[in-house]
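Subject: Structure for you to look at

Hello,

Here is the structure I promised to pass on. Please open it next to this email, and my notes follow below.

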Amino acid sequence: MNAYSRVAEPAAPFELPPQGLGVSALAEPPAPAKTQPHRRLGIGAADPLGWLLGPAILLLGWTIGSFTGWLDSRILPAPWATIAAANELIADGRLQANLAVSAWRATQGLALGSSIGLTLAIASGLTLAGGYLIDGAVQMKRAVPILALIPLLIIWFGIGETMKVSVIALAVFTPIYLNTHAALRGIETRYVELAETLGLSRKAFLTEVVLPGALPGFLLGLRFAVASSWLALVVVEQMNATSGIGYMINLARVYAETDVIVVGLLVYAILGLASDTAVRALERRALSWRRTLAR
Amino acid sequence: MSAPSSLPIVRVRDLVRRFTIKGVLDGVDLEIRRGEFVALLGRSGCGKSTLLRAIARLDHEATGSGDIVAPQNLSVVFQDARLLPWKRVLDNVILGLADRDARERGQKALAEVELGGREQSWPAELSGGEQQRVALARSLVREPELLLADEPFGALDALTRIRMHVLLKRLVQAHSPAVLLVTHDVDEAIELADRIVVLEQGKVAADIPVALPAAGTERAEAFAALRRELLARLGVQPTEARPAA
């Protein structure tokens, strides 16, 4: 710093404004403008494993809290107790069996809801009559929280699998419909004009221009839909279920098995993360033509 | 250049268009002969794009009157290249072509616009000039009788534009479609066209054949004279005009 000040000193009398400089400003010699890089406004490149930092700190805090006894094991069991509980659940097959049931429900609901959402979005997005018939009705349905529909669905379908899958499908359907519909209606006029001047048939216009153009919207909807499907799953499995991760958690609550509850929650977290990663991978593959900011 | 035959392939009679976004037409008559290169020159909002869109049958919403005869087999090059970003370059070129040899012809057209080897690129990987060349290939592969170009080089930089002029001239010589080029660039119009039609406030204000001597100082002088005349037609004062390139 000293050497630096000496070099800058001779220039100082010329650069200083005639008055009004505070003492601190005098102590810091004005830096030569040439060598100073531009202030960087972007956040720079992220480390691919950087996101692990937050979870790692949480895990560390959890471990320390449990080890020192600051965390009561009735409130939150120690990490090693949770691992032991998970091992036990796997050993007697309960975890696998319940996980399979839950995953199957979510898959059925997702498939059913996506198909309905996609079909209705295409019908309503690509024809005026379809739009008049469908869009208003879907917007109304969207305004009703999915949980409020459960009593009605129980009366219609009972408390069995049909009701559970229907609730998940209804939760999935809305984001798929909304995003696909918006993308279909958002196809740019210039592409429509292009298709007209190229003399494209109606079928070619749909398959070459409209549907690929709306694919980003559909995939975005799918990501929301996957998240919704797990949410709906948790709700239906805590009502009148006799199997599934949610049932396992609920049962553990009755016996105050906090460790089993934590294992169930972790399974939900892993399922959610894994399915979102899968959809994002699908998105990257299907939309490789895009050159976006976040590659 | 192949001599334009006398047979008109475009005939516009008393065309009136009102309340379109870009301009109005107020009784336009225009004929384009087979193989003829016509530049449509005019200031912004004079209706030149409106006329082109009417001939291209893209003005569904417009109201007006008049008759247009134009070939079915026409092709449009827009100011933006208008490539589908989700299709590779070759698939953009042959979009909508069902014939068996479409891929082969598409490859040939790409080679003609000096983009051989870029068939499998995505449009986003190309520069603006390259994208516009793909758009040209997409038009040419259809062997149109009429090529409509709506300020196709307006978004390109000056150097790329000169290269595109040379390329377009060569392609038009090879395929001999009739061309209607909408532009506001006087030099571009003189450089490329057989005939220049000046549009002013929705009417044809001048219809000037371009007959320049082949080369040398005589050509330069004729070029400059025509340029002065056209600029005066467009209402640019001599003191405002920069010297001819």
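At what angle do helix α5 and helix α6 of chain A pack? The model is predicted, and in it the angle comes to about 80°. The two axes are 4 Å apart. Angles of 65 to 115 degrees count as roughly perpendicular, so α5(A) and α6(A) are roughly perpendicular to each other. To find the pair, look at residues 79–91 for α5(A) and residues 94–126 for α6(A). From α5(A), the residues at the contact are A86(A), L89(A) and I90(A). They meet R94(A), L95(A) and Q96(A) of α6(A). By type, that contact has 4 nonpolar residues, 1 polar and 1 charged.

Chain A overall

Chain A has 13 helices and 0 strands. Its length is 295 residues, and 26% of them are buried. I also looked at contacts in chain A between residues at least 6 apart in sequence. Of these, 73% join residues at least 24 apart.

Where the chains touch

Chain A gives 16 residues to the contact and chain B gives 13. On the chain A side, α10 (189–197) and α11 (202–237) each supply at least two residues. The largest share, 6 residues, comes from α10(A). What is this side of chain A made of: how many nonpolar, polar and charged residues? There are 8 nonpolar, 3 polar and 5 charged.

The sheet in chain B

Chain B has an open sheet of 6 strands, with mixed pairing. The order is β5-β6-β7-β3-β8-β9. β5 (74–77) and β9 (203–209) stand at the edges. Each has a single partner strand, so one side of each is left without a neighbour in the sheet. From one strand to the next, the twist averages 20°.

β5(B) and β6(B) run parallel and are joined by 4 bridges. V76(B) has L148(B) in β6(B) as its bridge partner. Next, β6(B) pairs with β7(B), again in the parallel sense, over 5 bridges. Here L147(B) is partnered with V179(B). Then β7(B) and β3(B) run parallel, with 5 bridges between them. L40(B) has V182(B) as its partner there.

Is β7(B) mostly covered or mostly uncovered? It is mostly covered: 6 of its 6 residues, 178–183, are buried. A178(B), L180(B) and V182(B) point one way. V179(B), L181(B) and T183(B) point the other way. Both sets are buried.

α7 (residues 216–233) of chain B lies across β3(B), β8(B) and β9(B). It runs at about 20° to β8(B).

The cores

In soluble globular proteins, nonpolar side chains tend to be buried together. The largest nonpolar core here has 64 residues. L40(B), I55(B), A137(B) and L148(B) have the most contacts inside it. Start with L148(B), the bridge partner of V76(B). Beyond its neighbours within four places in sequence, L148(B) contacts L52(B), I55(B), A56(B), L74(B), V76(B) and L180(B).

Best wishes

How values were computed
Residues numbered from 1 in each chain as written. Chains lettered and ligands numbered in written order. Predicted model: local features only at pLDDT ≥ 70, side-chain atom pairs only at ≥ 80, totals over all residues. Core = buried A, V, L, I, M, F, W, Y, C linked by C-beta atoms within 7 Å. Buried ≥ 20, exposed ≤ 12 C-beta atoms within 10 Å, placed from the backbone. Contact = placed C-beta atoms within 7 Å. Axes fitted to C-alpha atoms, helices over the stretch in contact; angles between N-to-C directions. Parallel < 35°, antiparallel > 145°, perpendicular 65-115°, else oblique. Nonpolar A, V, L, I, M, F, W, Y, C, P; charged D, E, K, R; others polar. Pairing = 2+ DSSP bridges.
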